[in-house]
Amino acid sequence: MPKIIGGSLHEHREQTRQKLFGALAALMAEQGFDAITLAEIANAAGVGRTAVYNHFPDKESLLLGFITHETEQYATTLQRALDDIDDPTEQLRTYVRQQATLTRVYHLAPGPELRSVLSRGTQQRVREHVVVVEQILRRILAAGIESGAFPPQDLDVTVPLVNACLSGRGVPADGPERERAILQTETFVLRAVGATASVPQLASA
């Protein structure tokens, strides 16, 4: 019987899952998801291949578990950052900044975009979890419209447009260029939704 990690079977299972998620993320930073094998993931995680099957029946299920975990963790962190902010414009600024810190799971791996190698069913399940984050943005914008901070607009159109802008923008890892890129994105989004509050002033290059 394999040695139990942690103080209980539940802790053991959770720690094993975290090892598998960490190994998958590290491997996807080096090669395309389609090129990774379960054996490589198990080896990188330091667990037996049989242990992988005890948690996930196949590689795609493991990826779905990883994306789900990352999305839930992000949504919790995002909501915590927004809890003490009442002003919708400041909430939107915080949303943009939090998005800039998010590692885009879909863009971790070289090679084909992950959406292109996932089955339709898995794509739909991933989409269901992405909606959790979209709902937070929708609430911010709805509150802004109600308060008069943002003009009336069709949120079914605005929400995906804002998220598309944030998900598609590359932000430098560190340094003054990172802050400038975030400020530029923040300014663009505030103007796009018609925020009546003043937008940040960008320093000259």
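Predicted model: local features only at pLDDT ≥ 70, side-chain atom pairs only at ≥ 80, totals over all residues.
The average pLDDT of the protein is 82, and 81% of the residues score at least 70. Over residues 105-111, however, the pLDDT is below 50, although this stretch has 26 contacts in the model beyond near neighbours in sequence.

The packing of two helices comes next. Two packed helices are described by the angle between their axes and the distance between the axes. For α1 and helix α4, the latter spanning residues 59-82, the axes come within 10 Å and cross at roughly 100°; because an angle of 65 to 115 degrees counts as roughly perpendicular, α1 and α4 are described as roughly perpendicular to each other. On the α1 side, the residues that meet α4 are Q18, L20, F21, L24, A25 and M28, and their counterparts in α4 are L62, L63, G65, F66 and H69.

Helix α1, which covers residues 9-28, also contains G22, a residue that counts as partly exposed at 41% relative accessibility. Although G22 and A45 are separated by 23 residues in sequence, their C-alpha atoms are 7.3 Å apart in space.

The UniProt record, in an unreviewed entry, places the feature "DNA-binding region" at residues 37-56. In the model, this span is 75% helix and 0% strand, and its end C-alpha atoms lie 13 Å apart. Helix α3 comprises residues 49-55, and H55 lies in this helix. With a relative accessible area of 14%, H55 falls under the 20% cut-off and is therefore buried. Leaving aside residues up to four places away in sequence, H55 touches R13, T16 and R17.

Ten of the 14 residues of α5 are buried, so the helix is largely enclosed by the rest of the structure. The buried residues of α5 are P88, T89, Q91, L92, R93, T94, Y95, V96, Q98 and Q99.

Conventions. Residues numbered from 1 in each chain as written. Heavy atoms only, no water. pLDDT = per-residue confidence, 0-100. Contact = heavy atoms within 4.5 Å. Buried < 20%, exposed > 50% of the residue type's maximum accessible area, 1.4 Å probe, protein only. Helix = DSSP H or I, 4+ residues; strand = E, 2+ residues; numbered from the N terminus. UniProt positions renumbered as here; feature names shortened; annotations may be inferred. Axes fitted to C-alpha atoms, helices over the stretch in contact; angles between N-to-C directions. Parallel < 35°, antiparallel > 145°, perpendicular 65-115°, else oblique.
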